[in-house]
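Please look through the sequence and the model below before reading on.

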Amino acid sequence: MNVTDLTFLALCLPFLGALVAPLLTKMLGHNAAWVLALIPAAIFVHFAGFTAEIAQGTAITGGYTWVPSFNVRFSWLIDGLSLSFILLISGIGALIVLYAGGYLKGHVHQGRFFSFLLMFMGSMLGLVASDSFLMLFIFWELTSITSFLLIGFDHHREAARRAAFQALVVTGGGGLFLLAGLIVLWNISGVTQFSALMALGPVIKASPLYLAALVMVLGGAFTKSAQFPFHFWLPNAMEAPTPVSAYLHSATMVKAGVYLLMRLNPVLGGTPEWQLILPAFGAATLVIGALLAVRQTDLKLMLAYTTMSSLGLLVMLTGFGTPYAIEAAVLYLVAHSLFKGALFMVAGIIDHETGTRDVTRLGGLRSAMPLTFAIALAAAISMGGLPPFFGFLAKEEVYAALSSFDPRSIVFAILTVTGNALMFAIAFAVALKPFAGKPVATPKHAHEAPVLLWLGPAVLALAGLAAAVLSGTIHALFSTPMASAIAGEPRSVAISLTPQIGVPLALSVLTIIIGIALYIGLAQVRAGVASALAWIGWGPDHGFDQAIRGLVRLSFAVTRRLQNGRLGSYMTMTFVAIAVVLLVPPFLFGELALAPVFPSIPLHELAIMIIAVIGLFAVVVAKDRLTAIVSLGIQGFSVAVIFLLYGAPDLAFTQFMIETLAVVILALVMTRLKLSPSDHRPFRETLPDAAIAIACGLGAGLLLLKVTQVPFDTALSDFFAQYSKTVAHGANIVNVIIVDFRGTDTLGEIAVVMIAGLAVLSLVRLRAGSMRRIADNDPDAEETGR
Amino acid sequence: MKSLIFRTIAPVIVSVMVLFSIFVLLRGHNEPGGGFIGGLIAVAALSIYGIAFGVETVRRAIVFHPLSIAGAGLLLATLSGLLSMLFHVPFMTGLWVYPVILGEEIPLSSVMTFDIGVYLVVVGAVTSIALSLEERGED
């Protein structure tokens with residue numbers, strides 16, 4: 001196997017693992033986690049093998065042709081950016097699988113959970129590895145779908161179902177924006193691969209469609225990465241079991257939007273629009289997220305809202321455009337993945353071992369859970385941006401990017417310090433509050449977590465320390481290639497643990513001082529934010545419910561109008577539409593047919609035409625319905641004879657049969673429906689129907705006249721005449737077209753015939769009494785009835 | 001229908017029409033005809049039979065449920081199209097063989113089986129509609 005095949009296998013491996021996970025869990029119980037964790041571990045090892053090559057600045061591409069006729073490839077692009085993401089996803093993924101083994105030990109559906117988790121991992125890996133637009137979009141939507149399954153894992157609870165639905169609607173809907181954006185990019189550039197798109201940045205930026213592409217792409221990225229005002233699904237997604245929160249909502253899924261922005265930075269970035277929209281939304285998300293986090297008392301929700309702020313910070317940095325901004329985003333992204341994953345898992349351990357996640361009901365756990373305490377503290381120090389952890393480097397770099405003295409930087413520096421100080425306070429509220437102080441009685445007797453639970457967070461916390469200590473190596477292998485890939489030009493990252501005296505350090509100290517003050521006064525701040533929120537009252541979360549309810553009502557109202565259950569109104573609507581389509585365009589565009597020149601017609605043809613017209617009049621004036629049906633048959637047979645006379649035997653043949661059967665079936669329908677023998681409606685009621693019928697007939701007639709008056713293009717008939725015998729071995733061109741040249745059309749048509757047969761059969765068998773009335777679906781009635 | 005004349009001649013008409021429908025189906029590649037027309041003729045034949053002897057008799061005569069016949073036809077048509085996959089040519093490419101049976105060279109093709117599929121779908125689906133409308137009250 002060569003490298004290409006192995007990489008393909010690595011990308012498929014999680015899905016294969018998802019296939020066997022339920023069976024394996026049935027056999028091994030929760031210990032299946034040890035085996036399943038080998039999957040992400042193997043992926044990690046495989047891609048880690050590319051590190052040296054990518055550190056040289058090369059990008060690895062590979063793939064297979066997928067749909068050659070549409071130039072679609074299954075291809076991947078591994079550069080500094082995607083490599084770092086892949087290693088985070090697979091590395092943290094392995095730890096999460098182990099953690100889930102301990103966390104859901106004994107759960108009936110643990111195997112299913114592993115399966116969902118691995119599928120999600122595979123989607124996420126595919127997303128960041130994709131080179132082709134289509135692949136990115138497919139994996140993007142797959143992450144939405146698999147996260148829907150994971151968030152709604154506890155599907156017995158309505159809150160979990162609602163959160164899952166909300167995440168799917170928001171992120172899946174955002175995916176449609178992304179698709180539109182990618183199509184616009186493809187239209188501008190003509191390429192469908194990111195590797196080819198990278199060089200075309202100037203073309204894209206000069207295009208008049210640039211803004212459209214930007215807005216669409218941002219629609220995808222902002223919904224996925226929970227930017228204000230699309231943030232509400234993220235905290236609600238905490239309904240998921242904690243391993244999901246730790247994985248999807250700190251390290252992976254929500255970073256997909258940030259990934260997309262970083263990936264497209266060389267293409268879309270650097271323009272005034274980019275540098276306005278991204279920092280504005282990012283900074284708003286940063287501050288709002290941190291304020292909402294303070295409001296919470298649930299450990300997971302506190303972390304969820306700080307995740308939102310961190311994502312805001314990343315988006316802001318990606319679009320900020322000053323020196324060090326991209327580097328800061330890279331460092332912060334890695335640091336955040338490590339400490340946030342660890343902290344979520346710690347929150348899960350606390351919940352698992354004590355039975356509560358409410359920070360006000362926890363305290364003094366340090367003696368019962370010393371190891372967990374140590375891990376939590378290490379992660380919180382990194383999150384607070386204190387040395388000697390990686391978070392410190394990240395924060396120094398962030399402030400380095402913001403420390404100039406133009407008004408824009410000052411405004412954003414103030415916002416960032418505010419957000420970071422709040423996050424500092426929350427980091428220690430999560431990691432210190434439950435462990436410090438006097439022991440508080442908890443629902444379960446607290447004791448230290450088993451190895452499966454503490455292993456993951458311990459590794460992540462230590463990784464945060466190791467990365468900082470070995471910063472030189474880390475920068476050379478990961479930070480520099482990643483920053484270069486995002487910037488689209490060589491960059492280098494140099495920051496180390498040695499503090500540099502200057503503005504960044506001053507800002508850091510300021511952050512820490514404010515943070516400590518906030519930590520001490522946390523209860524008051526919380527009460528303040530709570531009353532402010534109560535005063536505002538309405539939020540996007542509530543708005544989402546209102547929008548969905550409005551949609552249900554609208555669809556009910558539309559359905560009740562259009563699908564009223566009366567055949568007469570369906571027919572009226574259909575034929576009015578046909579008449580409009582036939583009549584309006586010719587008048588609108590002046591494409592009316594010229595008055596026809598009447599040819600001299602032989603007597604026998606004239607006679608048959610007269611019979612057809614007589615048949616029509618008989619239909620209209622017939623006393624009873626049966627006569628009308630038979631008269632319609634007369635008209636149809638006359639038309640068939642005309643076909644025959646003009647050299648279309650196949651058509652005539654079919655017409656004869658259709659007319660015969662139509663008469664039989666119409667007569668049967670009449671008896672079946674127990675219709676009265678004749679139409680008793682007064683003239684004024686049949687008048688509108690007559691008008692519609694005449695309009696349709698007139699329209700069709702005008703259209704046919706026009707068709708015969710435009711020059712006839714014989715290209716197709718020549719082709720069929722030439723090849724019917726030689727290629728398709730048939731002399732009857734009509735039939736050869738039906739079964740050979742256009743055989744796929746015919747296949748579709750006979751499928752329709754089949755479905756029509758099924759539909760008629762079920763309609764005939766329906767009894768009026770057993771039908772559920774449309775009004776029963778009334779959303780108002782359902783709501784009041786509940 | 002209780003007309004003695006009709007009941008007497010119906011079987012003759014029906015058998016001739018069914019035979020004719022198959023004839024039309026098979027000759028369709030070179031002369032006017034084909035699966036659609038042939039199928040419609042067969043439906044007309046079955047309708048006459050139904051009018052003469054009742055729905056139950058027709059159902060017994062064709063053995064299978066009409067929609068099963070239609071389904072089999074659709075399957076046959078699809079498989080005729082898929083057959084070309086085995087020979088690495090695009091979907092629905094016509095494949096021909098010319099076996100010599102009793103000293104006559106008979107051209108057979110996947111196009112023909114496709115047309116037979118069309119015939120069966122039309123026969124099945126339209127007969128199903130006609131029969132279900134014809135039987136009253138007993139369904």
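The domain assignment of chain A, whose bounds come from an automatic or database domain assignment, gives domain 1 (323-520) and domain 2 (601-679). The centres of domain 1 of chain A and domain 2 of chain A, taken over C-alpha atoms, are separated by 83 Å. This is a predicted model, in which local features need pLDDT of at least 70 and side-chain atom pairs count only at pLDDT 80 or more, while totals for chains, interfaces and linings use all residues. Residues are numbered from 1 along each chain as its sequence is written, and chains are lettered from A and ligands numbered from 1 in the order in which they are written.

The pLDDT, which is the predictor's confidence in each residue on a scale from 0 to 100, has a mean of 87 in chain A, where 97% of the residues reach 70 or more. Among the elements of chain A, helix α6 (residues 110-129) has the highest mean pLDDT (93), and helix α34 (residues 779-785) has the lowest (61).

Chain B has five helices and four strands, where helices (H or I, at least four residues) and strands (E, at least two) are DSSP runs numbered from the N terminus. Along the sequence of chain B, these follow the pattern α-α-α-α-β-β-β-β-α. Of the 139 residues in chain B, 42% are buried; a residue is buried if 20 or more other C-beta atoms, placed from the backbone, lie within 10 Å of its own, exposed if 12 or fewer do, and partly exposed in between.

The contact between the chains takes 42 residues from chain B and 38 residues from chain A, two residues being in contact if their C-beta atoms, placed from the backbone, lie within 7 Å. The elements that give two or more residues to the side of chain B that touches chain A are α2 (35-53), α4 (66-86) and α5 (110-134) of chain B, and the largest share, 15 residues, comes from α5(B).

How far apart are the end C-alpha atoms of α4(B)? They are 31 Å apart, which agrees with the 30 Å that its 21 residues should span at 1.5 Å a residue, because the expected span is 1.5 Å times one less than the number of residues. The buried residues of α4(B), among them Ile69(B), Leu74(B) and Ser80(B), pack against α33 (743-765) of chain A together with α5 of chain B.
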